[in-house]
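The tour below goes from one selection to the next.

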Amino acid sequence: MTYHPAHSGILIVLLGLTSLAFGSLTGRPSGGADKALMQKARLRSRYAGQARQILKEVPLIDGHNDTPGQYRHRVNNHLDAIDFAGDTGQLDPPMHTDLPRLRAGGIGGQFWSVYVSTNLKGAEAVQVTLEQIDLVHRLVARYPDDLELALTADDIVRIHGQGKIASLIDVEGGHSINNSLAVLRQQYRAGARCMTITHSANTDWAGAATTPPEHRGLSPFGQEVIREMNRLGMLVDLSHVSPETMHDALDVTEAPVIFSHSSARALCDHPRNVPDDVLKRVKQNNGVVMVTFVTEFVSEEVRQYRAAEKAEGARLKALFLHDPDAVEAGLAVWREAHPAPPVPLAIIADHIDHVRKVAGIDHVGIGSDFDGISATPVGLEDVSTYPALLAELLRRGYSEDEVKKVAGLNLLRVMRQAEKAAANLQRKTAPSDALIEELDKELKK
Ligand SMILES: [Zn+2]
């Protein structure tokens with residue numbers, strides 16, 4: 001909802017009535033409770049107003065959004081088959097992202113993921129990635145009053161200053177380059193300014209977080225990929241990788257790294273999250289962890305719920321070997337009996353608090369994963385809701401300057417430093433012509 005004094009007046013009256021009813025039911029005097037509630041509502045609208053003002057001054061930069069994947073899976077990348085200027089929340093199933101809600105959320109910069117399935121192998125993964133990059137270019141060109149492609153930190157600041165949303169491209173998973181540094185360079189030329197080193201599966205040269213029991217880091221070729229990304233000025237994104245890959249990449253990189261959509265492992269023991277020892281290294285590296293809204297990664301309760309759901313799925317699969325419909329029906333019954341625990345917005349703020357505590361306020365950001373997730377926290381249902389999160393940080397005592405860092409200034413700093421490192425490296429080194437067959441010869445045996 002857009003803040004409006006009239007609305008907040010109605011809200012206060014409604015809250016007053018509720019507390020009046022509650023007070024008379026319980027037989028306790030309601031005057032004090034009334035006052036407290038009104039005070040709370042007043043504070044809430046003050047923080048929301050402050051958050052909106054902050055987003056006019058600095059761009060809110062979200063590290064991860066999967067809208068391009070929605071276009072692919074819903075409408076085969078036919079741009080006009082989804083009205084991005086309309087309400088995509090009305091679609092079935094609803095989307096989280098469209099221009100009116102991006103505007104309502106006060107967003108100034110978005111990394112659009114050009115994710116392709118890790119089931120795609122070799123050249124096919126490269127082709128589909130290029131199709132997704134093309135989709136982002138077409139989307140941006142289709143809505144020139146709202147979106148503009150950003151290739152540098154200065155671009156983001158300029159585009160935000162012009163009242164538009166800076167659009168960045170993130171290649172989500174090293175499988176997209178098919179073991180080729182030449183492909184990496186061409187994707188950079190096509191506008192990609194970030195690559196997530198793996199998705200959910202290992203690549204030939206890097207270990208993923210969610211491919212147990214192997215705990216692989218970077219191969220020699222993987223290290224060369226990091227060096228080449230540094231030379232290009234492409235952000236090294238360590239979301240999705242194994243802790244071993246996180247450490248290996250931090251050993252090699254000459255630029256700050258990012259985690260585009262990961263939260264704190266100390267609060268929710270999911271392998272997609274960042275352990276405290278890595279958070280400490282991110283501080284030394286001057287990087288940024290962009291806390292994600294994925295309920296399974298932020299709530300220990302939901303993580304365990306998902307694990308139980310998975311176990312039930314496996315049990316049903318074993319029971320109904322050749323009947324996927326029976327498995328689905330069984331799972332539906334299970335879900336009906338076991339609804340997912342709700343995740344309050346405050347949990348996301350807890351993760352931001354934790355990264356701030358361990359790595360510092362200069363190393364935390366936001367990476368929602370909207371349109372890449374089916375469940376969302378309560379209060380963070382779509383891209384219109386960012387001000388509510390920033391308001392919660394203000395309520396917790398974050399200063400305006402600190403909230404600005406979380407919103408986007410930290411990411412801008414990281415990007416500027418990566419650009420500087422690239423300029424230095426380009427003076428000293430030529431593009432790498434290393435081949436995986438040569439560098440990883442020993443591993444292939
Ligand atoms: Zn992801």
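A crossing of two helices is called right-handed if the near helix is turned clockwise from the far one by less than a right angle, and left-handed if anticlockwise. The model on screen is predicted.

**Stop one: α8 and α9.** Select residues 220-232, helix α8, and residues 243-252, helix α9. Their axes come within 10 Å and cross at roughly 50°, so α8 is oblique to α9. By the definition above, this crossing is right-handed. Now show side chains: Q223, I226 and R227 of α8 meet D248, A249 and V252 of α9. By class, this contact holds 3 nonpolar, 1 polar and 2 charged residues.

**Stop two: α12 and α13.** Move to residues 300-319, helix α12, and residues 324-337, helix α13. The two pack at an angle of about 145°, with axes 9 Å apart. α12 passes α13 in a right-handed crossing. On the α12 side, pick E312, G313, L316 and K317; on the α13 side, V327, G330, L331 and W334. These contact residues divide into 4 nonpolar, 2 polar and 2 charged.

**Stop three: the core.** The largest nonpolar core has 106 residues. Select V236, V289, I348, V355 and L390, which have the most contacts inside it. Then select residues 400-428: this is helix α16, which gives the largest share of the core, 8 residues.

Conventions
Residues are numbered from 1 along each chain as its sequence is written. This is a predicted model: local features need pLDDT of at least 70, side-chain atom pairs count only at pLDDT 80 or more; totals for chains, interfaces and linings use all residues. A nonpolar core is a set of buried Ala, Val, Leu, Ile, Met, Phe, Trp, Tyr and Cys residues joined through C-beta atoms within 7 Å. A residue is buried if 20 or more other C-beta atoms lie within 10 Å of its own, exposed if 12 or fewer, and partly exposed in between; C-beta atoms are placed from the backbone. Helices (H or I, at least four residues) and strands (E, at least two) are DSSP runs, numbered from the N terminus. Axes are lines fitted to C-alpha atoms, for helices over the stretch in contact, and angles run from 0 to 180 degrees between N-to-C directions. Two residues are in contact if their C-beta atoms, placed from the backbone, lie within 7 Å. Ala, Val, Leu, Ile, Met, Phe, Trp, Tyr, Cys and Pro count as nonpolar, Asp, Glu, Lys and Arg as charged, and the others, Gly among them, as polar. Angles under 35 degrees count as roughly parallel, over 145 as roughly antiparallel, 65 to 115 as roughly perpendicular and the rest as oblique.
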